[in-house]
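Biologist: Thanks for sitting down with me over this model. Could we start with the words you use, and then go through some questions?

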Amino acid sequence: QLQLVESGGGLVQPGGSLRLSCAASGRTLDYDAIGWFRQVPGKEREGVSCIIRSGDSTNYVDSVKGRFTISRDNAQNTVYLQMNSLKPEDTAIYYCAAGHYCSSYTQRYNYWGQGTQVTVSS
């Protein structure tokens, strides 16, 4: 059993920053990868970023490269997504998910958090 809880979302103006947190509890050592996804109504859930347990490998979708940074603190069982230079098109519900390896496919993840809303608007 694994539980994931996202936090840190909110309303921010274009160009602003937010840091999302994904806190994991339960059988955390069973999963090597934490991915961040986002979804807007009527759209497919999109992979944003992913990190493996060692932190040596990270992945980003092209649209966020140079703006978002994923990191993790294994001692605290927490993964972060630092989001800078936010754009209106970043508006979505952001979810973290645990899986055995990083993938852009939602089907490859076993557990999901409840999501946190990020709204980028003037």
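Modeller: Gladly! A residue is buried under 20% relative accessible area, exposed over 50% and partly exposed in between, using a 1.4 Å probe and protein chains only. This is a predicted model, in which local features need pLDDT of at least 70 and side-chain atom pairs pLDDT 80 or more, while totals for chains, interfaces and linings use all residues. Residues are numbered from 1 along each chain as its sequence is written, and side-chain values use heavy atoms, leaving out hydrogens and water.

Biologist: With that in hand, how does S85 count by its accessibility?

Modeller: S85 is found in the loop between β8 and β9, where strands are DSSP runs of E of at least two residues, numbered from the N terminus. Its relative accessibility is 39%, so S85 counts as partly exposed.

Biologist: Which residues of the largest nonpolar core touch the most other members?

Modeller: A nonpolar core is a set of buried Ala, Val, Leu, Ile, Met, Phe, Trp, Tyr and Cys residues joined through side-chain atoms within 4.5 Å. The largest has 25 residues, and those touching the most other members are L4, W36, F68, L81, M83 and Y94.

Biologist: Along β1, which side chains point to the face that is buried?

Modeller: The side chains of β1 alternate.

Biologist: Which residue in β3 stands opposite S7?

Modeller: Strands pair if DSSP finds at least two bridges between them. β1 and β3 pair in the antiparallel sense over six bridges. In β3, the residue opposite S7 is S21.

Biologist: How many polar residues are in the lining of the largest cavity?

Modeller: Asp, Glu, Lys and Arg count as charged, Ala, Val, Leu, Ile, Met, Phe, Trp, Tyr, Cys and Pro as nonpolar, and the others, Gly among them, as polar. The lining has seven nonpolar and three charged residues, and the polar ones number four.

Technical notes:
Helices (H or I, at least four residues) and strands (E, at least two) are DSSP runs, numbered from the N terminus.
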